[in-house]
Structure formats: C-alpha cells, structure tokens
Amino acid sequence: MKRALAMGIAAALVVTGCGTSAPEGSGGNDGRGPITFATLKDGTGTVPKLVEAWNAKHPDQTVRIIDLPEGADGQRQQLIQQAQTKSDTYDVITIDLPWNAEFAARRWVTELPREQFDLDGFFAAPLKGSDYRGKLYSIPHFTGAGMLYYRTDLLGRAGVTPPKTWAEMKAACAKVLALPEAAGISCYAGQYDKYEGLTVNFSEAVGSAGGEVTDDSGKPKLDTPSAKAGLDFLATGFRDGTVPSDAITYKEEEGRRAFQQGKVLFHRNWAYIHPLMNATDGSSSVPGKFAVTVVPGASGPGVSTLGGNNLAVSAFSKKQATAREFIKYMTSLDTQRAHAKGSAYPMTRTAVYQDPELRAKYPYLPVLQEAISNARPRPTLVRYGDASSAIQEQVYAVLGGKTSAEQALSTLQRQLSEIAQGT
Amino acid sequence: MAALLLSPTLLVLGLVVGYPLLAAFRESLYRGGDALDADGFMVSGDRFVGLDNYTEALGSRFWTAFGNTSFFTFTTVAIEVVVGTAMALVMHKVIRGRGLVRASILVPWAIPTAVSGLLWRWIFQSDGVANEVLATDLLWTSDRWAAKIAVIIADTWKTAPFVGLLVLAGLQLIPNEVNEAARLDGAGAWQRLWRVTLPLVKPALLVAVLFRLLDALRMFDLPFVLVGPQKGSVETLSMLAWSEANQVRYGPAAAYSVILFLYVVVIAFVFVKMLGADLLGDKRKKGASA
C-alpha cells in the first residue's frame, strides 16, 4: 500500500515536472491570451486601475499583476530565478534601467521591433539606455533624475539665490549657516551609504564636473581631470564638514529624514520625497519651506544620473504578442497621463510634463523635466552589477578617508576596463 | 532487516541532504558562460573548470569574510552562553508568573531575523536610540568596527534566549536532593553553582552551544539587513556566496558554500570530539546498562 502511494507521488512529480518545462521553438512563443505583469508594488493603487481598464477592453487577453519583492536586490533575484528555470510565469517584467544590457545579453528578454512601438516623445536618455548593441529590448516605464532640494525660507533670509555651481552652493552655505536660526545645520547631503545609490551619486558628481564614468562604448573614463574633480567634490565635502559625517550612512530615506527635520540646507534626492516633505500632518518640519532646482555642477548646472524602470517581454513568455501590446498600452501617452494623475512616479514621455493639471499638482515638474533631459544613464555594461560593486568599494573607501582619490580612480579605471572587456 | 526498516529514512536523507550537497559540489566545479559572441549575446552553457573556482575564491575578500565569520561565531556564542545561562538560572528561580517570564524571554527568538535586523537598524541609525542612550556619535551601520559590535549586540539579543531555554530544560532535570545534600555538606551558593549545577547541566549546555555554533557560522540575514552587503567589516561567508549568486555566478557561489560547509563540518567534528557533546545519548545508555 505504502509503496503504491510512493509510486503515485513520484509519478505525480514526474508529470508536473514535465508540465512546467516549456516547449522550445520560435513559432510557439508569439501567441496571444491572458498574461501576467510582474511589477513593483504600487502603493497608490494606480497600476491595478490601469490594468483593469486594459482588461475591460481585452477580455480574452487579460493581465494579472504579480508583485515583485520590494528593493532592487529582491526584485532582481526573483527575475533571475524565473529566467534560470525558463519559467513562463512572467510575461511582462519590470527591470531597472541598468540591467537592460545584461538581461538582453543573457537572452532573458526579447528584442522589441521598433516599428511596433510609438517611440516619439520619450526622453532621449532613458530610451537610449534601453538599447543593447543597437537593438531595443525594453521600453522606459518610469524614469527619474536627482534634483537639488533647498530651504527657501533660509535662503531668502540670507538673501541668496539657489546655486548653480558647487562653489555657489558652498558660498550660499557660508552665508546661511551664519544666521542664528541656522545653527547646527549642515550644508549638503546626498546618498553615500555603500549601495547602488553611491554609484548614482558618484557618477552624478563626475558628470557634473564635465566627465563621464564610461563612454558610449562602455570604456571607463576615470583617468581624467573631471573624474578627479567630481570625486574630490564628494571627498572634500566630507573632510571639511560641508557634508555631515553621518551622511556616510544615508540612503534615500535617511537623507530625506535629515532634510525634513531641518538638519541639512541642500539635499540631493529623487522626486518621490517632494510630496512626503510637504505633508502637513506634522511628519515634516519643512512643508512649504523648500523648493527644487537642478543639481549643481563644477562650472554650471550639473548632470544628474538617471533612475527608473523599464518594461520588457520575458523571453520565456509564450504570449509575447499580447505582452508587447500591453507594454505599448502601459507606455502610451494617455496611460502615462492617467498614471501620473494617480501616482507621483516620473513618467517617461515629455508631454506629460507639459500638462497644466499635472504641473499644478506636482510643482517640481519643470525642474524635473530639465533634469531628466540633461541626465545620463549609468554605464551600460553587461556586467553592470560588478561595475557598480567596484565603484561602491572604491568611492566608499575614499569618502571614509581610507584611500586617496587618485589611488581609487586608477584602481577603478583598471577594474572597469577589465569588466568592460570581459563582456 | 534493520537496514530495510531504515531505508525510508535513508532515502529521504539522501534526497534532501545528499543530493543538494552533491549538486552544489558539482556546480562548484563549473562556470557559467561569461563571454559574449559576435552579436553581444552571452555564450550559454557551463564549462568544467576543475578547482579554479576554489583557487580564485581564496582572495583577500574571502579571508576577511572567513575572519568575520569566525570572529562572530566565537564572540556571539561565548556571550550568549554566559547571558543565556544567567537567564536560565533566573527563570529557574522564578516562582510566580513563570510561564509569562519564559514566554516573554522567547519573544526575540520568535521574531524573524530579517525583521529584528530592521529593528536594530532603526536603533543603530545615526540619530537612533543607541546613540541617544549612550550619548555617542557612532556610525554603527557604516563599514567600521562599530558595525561588528552592532551585529554582536543584535545577535546576542536574538539568540541568548534560545540558549537560555535549552539550559533551563537541563536545570529542571537536576533533582533538588542533590542541591540539598550539597547544602547540608556546607557548600556555599557559589560552590553549589560551580560544583553541582553547572556540571549537571553540561550536557544540555553543550547541545545548545553546538546548535549555536552551527547556526552562527552560517550567519547571513542579520549583518545583511542591519549593516548591508559588501561591507568588509561584517561580511560573512554566506554573504559572499549570496553576492556571487546575485551576479549569476553560481560556480563561485557554490564554491564558497562548499568551503563554508566543510568549515562547519570541521568545527562540529572537533567540538563533538573534544568536548564530548553527548548528542546521541550514548553515555546515558551506557550508564543505564551498567
């Protein structure tokens, strides 16, 4: 009896095992039908509404949302797991922009025929970042760029205008921090904990000094004076107290807390913190007392680093025709407008930023549009993860005073060359 | 006959222990495609690389992680044994509200490690409770020695209750007569603790220590959540394996895991041999038959 039971279980395992292994073949994957959309959880409930609208129009090609884990690491792990097992559970997937090259090179996502998508009207940089070797693999869904938040009340009292350069920012700080009501405030902070945000802040500093971490072909450019100037801006900031010493533990949220508790005068962060800091329920001590401008640079406005998510079609999906159409729908101008009305995520089409209703709702839109237009994507490398780790390792050591900027940059130049060459 | 009766157990063990071990070992001898073809696609397919993954694993990052793993294991287990035993002695003496005390001491153990990692990160953030209470300005979650201390404190908070409970179970097995006899013979409280209670509770204590050793050697979630990945001051061997796997390098990740497994085996073996932890109850059986 027991043996029969065991045999039955074993047989069931074998059968289900067979059931999940996808039949290979090019013809079978371009079908239509109900699909899934693996995406980041939307706290505002806007994405489910947009999906419902699609489902009402396409009853035979309905979309089911699957939430990905929160945080880029969890999201990445989940997507890789599905790809490794060649599972067709996900049809449309949400990836971070810097993963585009890797996912394309590993054949985890399919090429998207340009003619099937309405590509006019997107910001240029995120769209370019969606290419790999001249072919399109994903469509920008959300984007984002760092902006400089500053305290309008304190700047006004000291009679200074928002800074455009690092020197102006330091001069503004000197004046404002001399005010009695600004006692104990620090000048400036970004995100300097050892995580992806440090790569973002570093490439932003290098870009704002007129340099770039890697050129268009992926070759590192860190042996240049502008790269040195960029890293020096961060390193001297820590050394001379322009940046508070505990900023070495700041991620986005720690930085936001410091700014909204009135501890820093200037703060580099994304758009999402704007409504949070304007909250009048007492959680923020600066509502109505701050504004945004583009990040400052060495000799003029700086160059921000692009954030953002893209939508791609899983290579293991069997209903790729529906998946492509759904991406087209999600990234169309009408959907993006509706989306922006429901949630503050920065959209990827410039026309959204011209909408008067949205401009009234999100006063920072003109600045954000300018920031995104001038922003640069992170290095497009197949081994982006290794590149980012190497950058974090070296930059963190410099900020902590363990290495010199020259030493770190020459090490990085060598490491990034190896990483770019290996791929 | 005995073998036949045991065969279902052996089969299950083979499936859930033996197979994954062998599969991980096999994986550690291969490397996935890391070169690109002319069109920029990654060449797929694993190739056999022998022990290359192992020789390349033994870099400075490995030795840092190895040092951290050993350091955390020995310091946390030592502290937890002392604190846990003290907790057990207190719980043993409590007469009123016994159940409540025991349940409340178990709370840290019941909280998932990742969640307690988050809790302690709030406590240790730069403007957090720890700096407030200690009147310090330490950056606990940055990559410095303070991060090590933060991990040790959080781990002790979490797992000392576990040691405490196991020791308490041991304490309750000691008959009261032994203590009374010692008292009649004129032994003081201190002498009774060292000469009577602790030797009798030793078997339970050794089991607790062994469990904690094996657990602490695999430490991952607490430093990962509390301080963060890629920070040399708290990176453990498990975190190293994770970071390789996260970059889709399963061969090197498996190599780190196998090395960690062997390390755990060696520690467990030495511990059982040297201190004679009576895991299988051999001594008790011998004592009964004598």
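Modeller: Start with helix 10 of chain A, residues 252-260, which is mostly covered: seven of its nine residues are buried. "Buried" means under 20% relative accessible area, "exposed" means over 50%, and "partly exposed" is in between (1.4 Å probe, protein chains only). Helices (H or I, at least four residues) and strands (E, at least two) are DSSP runs, numbered from the N terminus. Keep in mind that this is a predicted model, in which local features need pLDDT of at least 70 and side-chain atom pairs count only at pLDDT 80 or more, while totals for chains, interfaces and linings use all residues. Residues are numbered from 1 along each chain as its sequence is written, chains are lettered from A and ligands numbered from 1 in the order in which they are written, and side-chain values use heavy atoms, with hydrogens and water left out.

Which residues of helix 10 of chain A are buried? They are A:Glu252, A:Glu254, A:Gly255, A:Arg256, A:Ala258, A:Phe259 and A:Gln260. An α-helix has 3.6 residues a turn, so residues three or four places apart point the same way. As for neighbours, the buried residues of helix 10 pack against strand 7 (147-151), strand 9 (264-269), helix 11 (273-277) and strand 10 (290-294) of chain A. Just after helix 10, A:Gly262 takes a positive phi of about 75°.

Now zoom out to the domains. Chain A is assigned domain 1 (26-144 + 307-374) and domain 2 (145-305 + 380-421), with bounds that come from an automatic or database domain assignment. Taken over C-alpha atoms, the centres of these two domains of chain A are 28 Å apart. In contact (heavy atoms within 4.5 Å) are 19 residues of domain 1 and 18 residues of domain 2 of chain A. The two domains bury about 1,500 Å² between them, 73% of it on carbon and sulfur atoms; buried area is the accessible area (1.4 Å probe) that two parts lose on being put together, summed over both.

Between domain 1 and domain 2 of chain A the count is one salt bridge, meaning a side-chain nitrogen of Lys or Arg within 4 Å of a carboxyl oxygen of Asp or Glu. A:Asp216 forms a salt bridge with A:Lys128, and their closest N and O atoms are 3.5 Å apart. On the side of domain 1 that touches domain 2, helix 4, helix 5 (124-129) and helix 15 (365-374) of chain A give two or more residues. Helix 15 of chain A has the largest share of that side, with six residues. By class, that side of domain 1 has 12 nonpolar, four polar and three charged residues. For these classes, Ala, Val, Leu, Ile, Met, Phe, Trp, Tyr, Cys and Pro count as nonpolar, Asp, Glu, Lys and Arg as charged, and the others, Gly among them, as polar.

Next comes the partner chain. Here 36 residues of chain A are in contact with 30 residues of chain B, and the two chains bury about 2,600 Å² between them, 42% of it on carbon and sulfur atoms. The rule finds five salt bridges across this interface of chain A and chain B. B:Asp143, for instance, forms a salt bridge with A:Lys194, their closest N and O atoms being 3.8 Å apart. Helix 3 (72-84), helix 4 (100-105) and helix 16 (384-399) of chain A each supply at least two residues of the side of chain A that touches chain B. Helix 16 of chain A gives the largest share of that side, six residues. By class, this side of chain A has nine nonpolar, 11 polar and 16 charged residues.

A:Arg133 is in the loop between strand 4 (131-132) and strand 5 (135-136) of chain A. Phi of A:Arg133 is near 50°, a positive value in a residue other than glycine, and at 48% relative accessibility A:Arg133 counts as partly exposed. In chain B, B:Ala135 has a positive phi of about 55° although it is not a glycine. You'll find B:Ala135 in the loop between helix 6 (129-134) and helix 7 (145-172) of chain B, and at 69% relative accessibility B:Ala135 counts as exposed.
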